[in-house]
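Have the viewer ready and follow along.

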Amino acid sequence: AIESLFPRRQPLEVDVGFGKGRFLLARSAAHPEINFLGIERMLRRLRKVDRKAVRRGLDNVRLLRMEAYYATAYLIPAGCVQTYYIFFPDPWPKKRHAEHRLFNAAYLDALHRTLLPGGCVHFATDHQPYFQDVRARFMGDARFEEVAPLELAEEERTDFELLFRGQTEIGRCSFRRRTADAPAST
C-alpha cells in the first residue's frame, strides 16, 4: 500500500513530472500534514530533488522514477489521491507526435480511478493548443467539474513558469472529481 511508504498516515498529493522540484519542495515544506509523491522519469532530476528533500528533512516526500501514465494507471491505488499537480508536461507540439501527450481518455480514466471523490487535478502549460485540448477533455467528461485555477505562491512557481512568465500566456485550469459518479463522456 502506498501509505506504507510514508512515516505518517495523512492525505496524499501527487506531483506528476516534477522536473527540478521547485514546486514539490516548496509545497511539501509548507504542508507537512500532507504526503507528497513526486513522479519523474529522468533519473538525474529525481536524484537531485531527492538530495534536496533529504537535506531539508522533508519526510513527507517520496519519489518515483516512472512514466506518469503507467504510475497513475497501474501503481497508484484507487481512491487514494487528494490532489494531482501536472505542471508544464511535454506538449509534443507537432501534430504527428500528439499521440505521445499525457492527456487522453485513458489518462482521464486513471485520474478518475485514483482520485478521492472531490479530489482535484491542477494543470498548467505555456503551450496554448495543449491547454485548450486538456481543458476540453475535462470539460467533456461528466465525471469532472471545473473549479477556480490554483493560485501558486511565488516560491512554488516551477522553473518552466519562471522561464516563460512574461514571454507567453500561461494556461491554468483545475478540475474536481465529482462526488456522485457520472459516466465518462466520449
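**Starting from a threonine**

Leave aside residues up to four places away in sequence, and threonine 72 touches Tyr84, Tyr107, Ala110, Leu111, Arg113 and Thr114. Bear in mind as you look that this is a predicted model. Threonine 72 sits in helix 3, and its relative accessible area is 0%, so it counts as buried.

Zoom out to the helix. Helix 3 covers residues 68-75, and its buried residues are Ala68, Ala71, Thr72 and Ala73. What do these buried residues pack against? They meet strand 1 (12-16), strand 2 (35-40), strand 3 (61-65), strand 4 (81-87) and helix 4 (105-114).

Alanine 73, the next residue along, belongs to helix 3 too. Its relative accessibility is 16%, and because the cut-off for buried is under 20%, it makes the list. Beyond its sequence neighbours up to four places away, alanine 73 touches Ala110 and Arg113. Proline 7 is another matter: it is 66 residues from alanine 73 in sequence, and the C-alpha atoms are 24 Å apart.

Now for the rings around here. Tyrosine 69 and tyrosine 107 make an aromatic pair, with 6.3 Å between the centres and 55 degrees between the planes, which puts it in the tilted class. This pair links distant parts of the chain, since tyrosine 69 is in helix 3 and tyrosine 107 is in helix 4, 38 residues apart. How exposed is each partner? Tyrosine 69 has 31% relative accessibility and so counts as partly exposed, whereas tyrosine 107 is buried at 0%. Tyrosine 107 pairs with phenylalanine 103 as well: here the centres are 5.4 Å apart and the planes stand at 90 degrees, so this one is edge-to-face. Phenylalanine 103 and tyrosine 107 are both buried. The ring pairs go on to form a cluster made of Tyr69, Tyr70, Tyr74, Phe103, Tyr107, Phe123, Tyr130, Phe138, Phe144 and Phe175.

The largest nonpolar core has 29 residues, and the ones with the most contacts inside it are Val14, Ile76, Tyr84, Ile86, Phe103, Leu111 and Phe138. At least two residues each come from strand 1, strand 2, helix 3, strand 4, helix 4, strand 5 (115-125), helix 5 (128-139) and strand 7 (171-177). Which element gives the most? That is helix 5, with 4 residues.

Strand 1 and strand 2 run parallel and are joined by 5 bridges, with aspartate 15 opposite glycine 38 in strand 2. Strand 4 and strand 5 also pair in the parallel sense, over 6 bridges, and there isoleucine 86 stands opposite phenylalanine 123 in strand 5.

Strand 2 is mostly covered, with 6 of its 6 residues buried. Asn35, Leu37 and Ile39 point one way, Phe36, Gly38 and Glu40 the other, and all are buried.

In helix 1 (residues 22-30), the buried residues are Phe23, Leu24, Leu25, Ala26, Arg27 and Ser28. They pack against strand 1, strand 2, helix 2 (43-55), strand 3 and strand 4.

Note on methods:
Residues are numbered from 1 along each chain as its sequence is written. This is a predicted model: local features need pLDDT of at least 70, side-chain atom pairs count only at pLDDT 80 or more; totals for chains, interfaces and linings use all residues. Side-chain values use heavy atoms; hydrogens and water are left out. Buried means under 20% relative accessible area, exposed over 50%, partly exposed in between (1.4 Å probe, protein chains only). Contact means heavy atoms within 4.5 Å. A nonpolar core is a set of buried Ala, Val, Leu, Ile, Met, Phe, Trp, Tyr and Cys residues joined through side-chain atoms within 4.5 Å. Two strands pair if DSSP finds at least two bridges between them. Rings of Phe, Tyr and Trp (its six-membered ring) pair if their centres lie within 6.5 Å; planes under 30 degrees apart count as stacked, over 60 as edge-to-face and the rest as tilted.
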